[in-house]
Amino acid sequence: MVAAFVPGAVPIPQRSAAAALVGDVDRFARLHRVQDKDSKQLVPFTPLPMQTKIFDAVKAGHRRIVILKARQVAATTGAKMVMHWKAYTTPHAAMHAVISMRDDSATMLLDDNRRWLDQLPTLLTRPVEVRARARLVYADTGASLQAFTSRSQTGLRSFTPAAALISEAAYAPDLEEVLAQVDAAVGDGLLIVESTANNPADFYSSLVRGAPENGWTLLTMFWHEHPAYCDAPALVPRDFEASLTDTERGQREAYGLSLGQLHWRRRTCARLGSEHKFRREYPASIDDCFLEREGGYYGDELLAQVNVLEHALHGEHVGREIEKPHPNDRYVMGVDVGGGVGGDYSALCVVSVATSQVVYTERNNKITPAAWAHRVIQVATRYNQALVLAESNNHGHALLLELGACGYNAQWRDPKTGRPWVTTLQSKLDAFDTLRESLSLVKMLDRPTWLELRSLTIPPGKVAPEAPKGAHDDAAMAMALAYRCLRDVPSSWRTSALQSGRTRIDDLLAASRARRIRSAALPF
């Protein structure tokens, strides 16, 4: 509840009740009407579950809210209502900003707000001084609601809005810069960022995955949270449970789905034509939200079968261990080298020769190339003197010099020339293509590397895959170099898995599944 501005037309005996009515965003929203999705008719604004989440977050005092929205959950309308409510209830001449990617879409965002001006009860209707396509101004307080485009070169630099909404943020040309400008302009005010997902490793993705540690409150709503997405018991066949597929059983275990939800899911998958399309249109998790990629270099047919492992980082070195060193195995390591000044990461990836699986990854963007060489030696030594492939150009030259100075000689050399790796357009494509051929064997990956692989695309006019603007591909490059190194190991290194019956891979997958089950909240 806020101390809301009440129009002067409201009689004194009724002002207290009016203030209570407009001071609560949920009650205020119910005074308006919205367009029904199917009939296109105006219907009473009864907040939907996603809108209620937004209202509750605002009432709880959260000032930085990021909304990862699925389709048809009316998140944009809920966020616009918050801006409308903020502009209505402030007694000051405060500006409230609505920002979208294009000028036309930015002004269209105010369509509902213009309609809402005339839908309040007569006593609560306010005089409007400006009612333009991109600007609404109340005559009595000077409070305003204004539309901007994220393509603007100046953005909000000349404005100090009390609150702002960035709509479809993931599609902004440079979201990181837009967000920096808007955040500075809003200061201690309210900032809401909402969007459907675009790329699994863009800046919006990092914003979503970093919450709440990065100071943002994340709001989501997945299909299994919608009460409407569940078939009545009468529609579920008696033998349905016995017919569940492995995928459906996995979904049931992961999200606690009822048979009615699973039956609705199966029917909807059949209507859409594929499991992939269902996950894209009706996400069940953050990973599903970032499923759709335009021109992904590594297709979903390669990455969908990879088990993404969640596990704690190892100490200051931000290492992710999938499997400890096996005493009778040999290992290779790919190394990508950054400058160590907070930009691109230095990354390493260790792969088992016996299983062809990634067993350890690590990355760091605050370590110098020489210091990174020391870390490479530590990890490679632990993994049975792993054979290291690192580029010799750019920052890699300093790393190789330090490796040699420290006496670590287990370094890859070109079988034909005897020279270290030089990253060129041709050799980069060779490494990434080698990884493509090996991905069918990969059963497990840590999440950051998996996300980087999913994000790689070939931009128009280019030949080699790249990460989207604002994202990184260092872990993916290290992994590609590791599998390129694996291609050249001596045949005597290619040992077989040492366990009979169940392989080491089976054991690791089982252990990962057990950890996931133990970490899940109990239903009682």
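Author: Let's start with a word we'll need: contact, or touching, means heavy atoms within 4.5 Å. Also keep in mind that this is a predicted model.

With that in hand, take A467, which lies in the loop between helix 17 (447-455) and helix 18 (474-486). Leaving aside residues up to four places away in sequence, A467 touches S455, L456, H472 and D473. Pick L456 from that list: L456 and A467 are 11 residues apart along the chain, and their C-alpha atoms are separated by 4.9 Å.

Now for your helix pair. Two packed helices are described by the angle between their axes and the distance between the axes. Helix 14 (residues 369-382) packs on helix 15 (residues 396-405) at an angle of about 50°, and the axes are 8 Å apart. That angle makes helix 14 oblique to helix 15. As for handedness, helix 14 passes helix 15 in a right-handed crossing. Who does the touching? On the helix 14 side, P369, A370, W372, A373, H374, V376 and I377 make the contact, and helix 15 brings A398, L399, E402 and L403. Sorted by class, this contact of helix 14 with helix 15 has 9 nonpolar, 1 polar and 1 charged residues.

One more stop: S144, found in strand 7 (residues 144-149). Is S144 buried or exposed? S144 has 6% relative accessibility, so S144 counts as buried, since the cut-off for buried is under 20%. Not counting residues up to four places away in sequence, S144 touches A87, A94, M95, H96, L136 and V137.

How values were computed: Residues numbered from 1 in each chain as written. Predicted model: local features only at pLDDT ≥ 70, side-chain atom pairs only at ≥ 80, totals over all residues. Heavy atoms only, no water. Helix = DSSP H or I, 4+ residues; strand = E, 2+ residues; numbered from the N terminus. Buried < 20%, exposed > 50% of the residue type's maximum accessible area, 1.4 Å probe, protein only. Axes fitted to C-alpha atoms, helices over the stretch in contact; angles between N-to-C directions. Parallel < 35°, antiparallel > 145°, perpendicular 65-115°, else oblique. Left-handed = near helix turned anticlockwise from the far one by under 90°. Nonpolar A, V, L, I, M, F, W, Y, C, P; charged D, E, K, R; others polar.
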